[in-house]
Amino acid sequence: MQVRSSIGRSAQYIRSVNDGLARLATADTALQQLAAHLGRIKDLAMQARSGAIDSVERAAVAEEMIQLRAQIIATTNATYLGQPVFGGTTSSGLAYDSSGSYLGDSATIERNVAPGVRVAVNLNGSTVFSTGGVSVHEAVQNLIDSVTSDPSTIGDNAEVLDDHISTLQFGLSEVGGRVNRLEALKSHTDESIASMQQHLSSIEDIDLEQAMIDLQTREVAYQAALSAIARVIQPSLVDFLR
């Protein structure tokens, strides 16, 4: 019973690890998409900064940046099982509203993945998407405003965007470190479960061939005993009449 209980606890740790890996995988995918979107926005801004394009082309560049900003907001609202992975424990279903304002909280979601070991399985949007007190959504909007109204400020706002890209890269490395830790814990727990199952087998399992031989031997002995008793106790006609 103790071995079975230990196997059950270890199986629960595995389920917690799998949940954490799924959450972190969702965050990792979102961060990679965001990094790609921000890189494209910066390229567009540098294109708009060039004096080789006219106002019509600059307006087209700004429109693409606006569409990318909408995609960024959608990506920062990435969810796992209906809960935003960058929104902490918020119950609103969204980490950011349509304007880019943060709706989440700063709570950390943890999973108990081994005896006495808890690992955070979420990233806080107000941290990973904010640099110097400016959110990534604000930085992108500032760059869009520069393209549409004041190209001379594109360079400064592009530098702010670079800071956000660096913050995203740090977030990606943090997620990668947690994933590696969880996978190592999962591998160790899997090995532990396999070892305990072998131990349980040594306790509970039987040698089937030996068990059949023992059964047959006892059956023969039982039949012999019945036969002997039948010969010793011989019923007579008087016994039946009684």
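A: The chain has 7 helices and 6 strands, taken as DSSP runs numbered from the N terminus (H or I, at least four residues, for helices; E, at least two, for strands). From the N terminus on, their order is α-α-β-β-β-β-α-β-β-α-α-α-α. This is a predicted model, in which local features need pLDDT of at least 70 and side-chain atom pairs count only at pLDDT 80 or more, while totals for chains, interfaces and linings use all residues. Residues are numbered from 1 along each chain as its sequence is written, and side-chain values use heavy atoms, with hydrogens and water left out.

Of the 242 residues, 36% count as buried, that is, under 20% relative accessible area with a 1.4 Å probe, protein chains only. A nonpolar core is a set of buried Ala, Val, Leu, Ile, Met, Phe, Trp, Tyr and Cys residues joined through side-chain atoms within 4.5 Å. The largest holds 47 residues, of which Leu-31, Met-65, Phe-86 and Phe-129 touch the most other members. At least two residues of this core come from each of α1 (2–49), α2 (55–76), β3 (110–114), α4 (136–149) and α5 (154–204); α1 gives the most, with 13 residues.

Beyond its neighbours within four places in sequence, Leu-31 is in contact with Phe-86, Leu-123, Val-128, Phe-129, Leu-168, Gly-171, Leu-172 and Val-175, contact meaning heavy atoms within 4.5 Å. Another core, of 6 residues, lies apart from the largest one and includes Ile-7, Ile-14, Met-196 and Leu-200.

As for the overall fold, the C-alpha atoms fill a box of roughly 125 × 35 × 30 Å, taken along the principal axes.

Technical notes:
Buried means under 20% relative accessible area, exposed over 50%, partly exposed in between (1.4 Å probe, protein chains only).
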